[in-house]
Amino acid sequence: MRAPGSLEIKLFYSPFHSFAHKTLIVAHEAGLWERLTLVPTFPFRNLDAEFVTGQYDMSAIAPLGKVPCLATEDGAVLYASQTIVEYLNAHRAENALSLYPAEGPARWDALTRLALGDAIFEFAVQLSMEGWIERELRRPSIYEWLWPKIIAALDHLESIAAAPREFDVGDAGILQGISYLAAKAENSDDDPVCPNYDWRHDRPALAAWYDQAMQRLSVQQHYQRDYEGDLSAVNHQRHVAEVLAAKTRSSAVD
Ligand SMILES: N[C@@H](CCC(=O)N[C@@H](CS)C(=O)NCC(=O)O)C(=O)O
């Protein structure tokens, strides 16, 4: 399938024809279809009766163990379909049109619908997973299924924490993930995820990175600072009404 001499891109994906796979569609639109090597992957077949990792395990390259996952020949591994489709679009063939409107309202509209479609997919996967697990009489709780993924993600972050880099949007995401987990690990929280879990244990590089990143002005401005305005539902509903009114005004202009 691949043109001789061209770079190989491996796509680990669910090979089910029964749904329109966004990543395949975008690869095609981007003119990159010929460069893709498809790697059928069945993450749920990793789950046997004892919940031990099975033969489709790809946690060595992708800590969350989820598909789709895209690996380039130079060793970069990208996951989450939003990342992958943006990459494919950015590397599109010369004659291929971008699927990302360049700027303005059309761009934000496209990205918002992308998020909507992805949420429908992800929620449906989770719901079907519950039924599947019951039918097979394999009953890991959500906790049993997800907690190892959190541990794998933290371990992966430890392995890359010492490499120097400029603060970027990925770091903002990591700060959110870890700080939320840390709050949920405290016994004082109403809904602890894992009481007394110390994510810093055995992860000195990640802990050092985190402590330094938390000193950024943008973080300090908001972290552990209570909102000082109106917390009421009335205030909330007033703002919802204002948004609806603005929508009505703009559709009247159109
Ligand atoms: N937000 C992710 C969701 C991907 C996703 O839910 N993938 C499922 C497809 S079956 C999966 O790999 N599940 C395996 C698991 O949860 O371990 C994306 O857009 O890529």
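Tutor: Strand 1 (residues 9–13) and strand 3 (residues 69–72) are paired in the antiparallel sense, over four bridges. Strands here are DSSP runs of E with at least two residues, helices are runs of H or I with at least four residues, and both are numbered from the N terminus; two strands pair if DSSP finds at least two bridges between them. Before going further, keep in mind that this is a predicted model, in which local features need pLDDT of at least 70 and side-chain atom pairs count only at pLDDT 80 or more, while totals for chains, interfaces and linings use all residues. Residues are numbered from 1 along each chain as its sequence is written.

With strand 2, strand 1 pairs in the parallel sense over five bridges. Here lysine 10 has threonine 37 as its bridge partner in strand 2, and phenylalanine 12 stands opposite valine 39 in strand 2. To get from strand 1 to strand 2 the chain passes through helix 1 (residues 22–29), and this β-α-β crossover is right-handed, a term that applies if, with the strands pointing away from the viewer, the path from the first strand over the helix to the second runs clockwise.

Taken as a whole, the sheet is open and has four strands in the order 2-1-3-4, with mixed pairing. Strand 2 (36–40) and strand 4 (77–79) are at the edges with a single partner strand each, so one side of each has no neighbour in the sheet. On average, neighbouring strands are turned by 20 degrees against each other, direction ignored; the axes behind such angles are lines fitted to C-alpha atoms, for helices over the stretch in contact, and angles in general run from 0 to 180 degrees between N-to-C directions.

Strand 1 is largely enclosed by the rest of the structure, because four of its five residues are buried. A residue is called buried if 20 or more other C-beta atoms, placed from the backbone, lie within 10 Å of its own, exposed if 12 or fewer do, and partly exposed in between. Over the protein chain of 254 residues, 12% count as buried. For a contrast, look at glutamate 130, which lies in helix 3 and counts as exposed because 11 other C-beta atoms are within 10 Å.

The protein chain has eight helices and four strands, and from the N terminus on its elements follow the order β-α-β-β-β-α-α-α-α-α-α-α. Among its contacts between residues at least 6 apart in sequence, 59% join residues at least 24 apart, where a contact means that the two C-beta atoms, placed from the backbone, lie within 7 Å.
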